[in-house]
Each structure stands twice: as structure tokens, then as C-alpha cells.
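These are my notebook entries on one protein structure. I recorded each item as I looked it up.

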Amino acid sequence: MKRITTTQLRKKARDGEKIVMVTCYDATFAHLVEQAEIDAILVGDSLGMVIQGHEHTIPVTLEDVIYHARAVARGCSRPHLVGDMPFGTYQASLDAAMDNAGRLLKEGNVQAVKLEGGEEYAEAVARMVRAGIPVMGHLGLTPQSVHQFGGFKIQGRSVGAAEKLKHDALTLQQAGAYALVLEGIPAPLAAEVTASLEIPTIGIGAGAGTSGQVLVLYDLLGLNNGFSPKFVKKFDNMHDRVVSAVNTFAREVRTGDFPLPAHSFE
Ligand code: KIV
């Protein structure tokens, strides 16, 4: 099966069909996600939080994303596959950004890279695109700037911030980005940005006026019973279901109800 391309995603948005993206970090979930007919998978640096247990995404390395991207790529064949550029892999210089984006494509088996930030990275985006590396932008509550923002706070609320975000979105489009993630911004601003662009926007905490939506897979599955941001909808309560299943296993081992002869070899 052929992977969904950047062109197909853009056509979907032009035809008014919502783009659906989830994060994914391993082959088993990639296989499940593929069966759920998701359009795109992001191997996000959110893996730093949901897989590695960090408080934010800053510690994630390029090697981490490559490792998880390779696993995801092995687990599915149809969804469009995007790899996140971790903090520190594209900020220092254009050459470093190019080398690292190239590595992510070559070694991670992804079709595109995503990077956080606006006009300040337009040149890097343009160079990547010229070199044949599709780039997804990411504006708004960009988690790699958590220390600069002073926490995970909604962005684009002031007139100045909203104007900058609109300008950044157009600049990234001009630089050749094929899509933009809009995270943690007021819904009317996200809708306005979406209407001003030819490329699709994929929202998270940005309301319903974007070309598509993305959620962290573990959030939508309800695997975590701790704090959950307002923009997350839990479509299941896998936390309780996993605890219950593992608990039943433990009980049956202790009572001798597992394994039965049916699970044993002669
Ligand atoms: O790393 C990530 O998972 C992301 C999405 C939440 C957009 O950047």
C-alpha cells in the first residue's frame, strides 16, 4: 500500500475533507492506527512526555525520534508519516538543520519533518523544501518554547501576538511548508489563519475551524488518568481498562486460574 502524500493531504483540505492525524511512537500502535483509517501519523517529540516520562519535550534527541519513527514506519504502510525535529536540532545553524532533517528522512523513514517556529526558521524551511524535504510548520503554543512562555499557555491572545502568528503562517507557506500545525490558540484566530492560507492547517487546542485535527494518541485513548488539558477529549478510558486487565492477570496467576492446560504444551 502506498503512503498518503503531501499532495493528497492538500487535496483533501481543498475538497473540504478534514485531515485526521494522531501521534504514534511504536509499531503496534501504528498498525492499530492504520486500521482506524487515520490520514497522518506524527512521530512527535511528545514522546519525551508520554514514552520517556519527562515533564516537557526539551530532552528528546534526534536519535530518539529516529528510533521511534523507524518502528512506526515498520508498523504501517498507508498513513502519511511525519517526524518531529527535536529542540536543538534546527536552531543552531542552517547546515545543522539541513543535516538533521536529512537524517530524519533517511534514517527515520518518514516522508516529512515538522519544526516549531515562524519567520525565524523560514530560511531553514525553504532550504529543506528546495532539497526535497517536505516541511510541516508548527505555530502557537509550541511546546519546545515552554520555558520562554513560562508554562504551557495559550498563545496569540493579544493583538500583537495574533498579528505575528498570522504573519508567521504566511511566511512559512511562502517558504514552502506544505501544512501547519496550529496549537493552543483561540479558535477564531485559527479559523482566520486557515482561511488566509492555501496549505492545510491541523489544529490541536485551536477549535474547529482548521483543516484537520491532531491529538496525542495516548491522550485520546485516555491512557493517562492524571492532568488532561481542556482541548483533549478522551475517546476511551484505556487507563482503567489496562489496569483492570493486568490486575485480572495478576489475580489469576495467584489463584492458579492461569495458565490452564489450553495455554500449556504437552
Ligand atoms: O509532539 C507532538 O506530539 C506534537 C503534536 C501535539 C502536534 O507536536
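Predicted model: local features only at pLDDT ≥ 70, side-chain atom pairs only at ≥ 80, totals over all residues.

Entry 1, L94. I looked up the accessibility of L94 and found 27% relative accessibility, so L94 counts as partly exposed. I noted the cut-offs: buried means under 20% relative accessible area, exposed means over 50%, and partly exposed lies in between, with a 1.4 Å probe and protein chains only. L94 has its place in helix α5. Helices here are DSSP runs of H or I with at least four residues, strands are DSSP runs of E with at least two, and both are numbered from the N terminus. I then listed the contacts of L94, a contact being heavy atoms within 4.5 Å. Not counting residues up to four places away in sequence, L94 touches E123, A124 and R127. I also checked L94 against A179: the two are 85 residues apart in sequence, and their C-alpha atoms are 21 Å apart in space.

Residues are numbered from 1 along each chain as its sequence is written, and side-chain values use heavy atoms, with hydrogens and water left out.

I counted 11 helices and eight strands in the protein. The C-alpha trace spans about 65 × 40 × 35 Å along its principal axes. I compared the radius of gyration, taken over C-alpha atoms, with the globule rule of 2.2 Å times the number of residues to the power 0.38. For 266 residues a compact globule would have a radius near 18 Å, and the 20 Å of the protein agrees with this. Buried residues make up 48% of the 266 residues. Among contacts between residues at least 6 apart in sequence, I found that 59% join residues at least 24 apart.

Which residues touch the most other members of the largest nonpolar core? I found that they are M128 and L217, in a core of 75 residues. Helix α4 (residues 62-75) gives the most to this core, with six residues. A nonpolar core is a set of buried Ala, Val, Leu, Ile, Met, Phe, Trp, Tyr and Cys residues joined through side-chain atoms within 4.5 Å. I listed the partners of M128, leaving out residues up to four places away in sequence: M85, A97, M98, A101, V113, L115, I133 and V135.

I located V50 in helix α3 (residues 47-50). Its relative accessible area is 28%, so V50 is partly exposed. Apart from neighbours within four places in sequence, V50 is in contact with Y25, V216 and Y218. For V50 and Y25, 25 residues apart in sequence, I noted a C-alpha to C-alpha distance of 9.4 Å.

Most residues other than glycine have a negative phi, and most peptide bonds are trans. I therefore noted the exceptions that follow. E37 has a positive phi, near 60°, and is not a glycine. E37 lies in the loop between α2 (27-35) and β2 (40-43). Is E37 buried or exposed? With a relative accessible area of 64%, E37 is exposed. N109, also not a glycine, has a positive phi of about 60°. I placed N109 in the loop between α5 (94-108) and β4 (112-116), and N109 is partly exposed at 42% relative accessible area. A cis peptide bond joins F258 and P259, with omega about 0°. P259 is found in the segment after α11 (238-255).

Where is the place of K153? I found K153 in the loop between α7 (146-149) and α8 (159-175). K153 is partly exposed, with a relative accessible area of 46%. The C-alpha atoms of K153 and L47 are separated by 20 Å, and the two residues are 106 apart along the chain.
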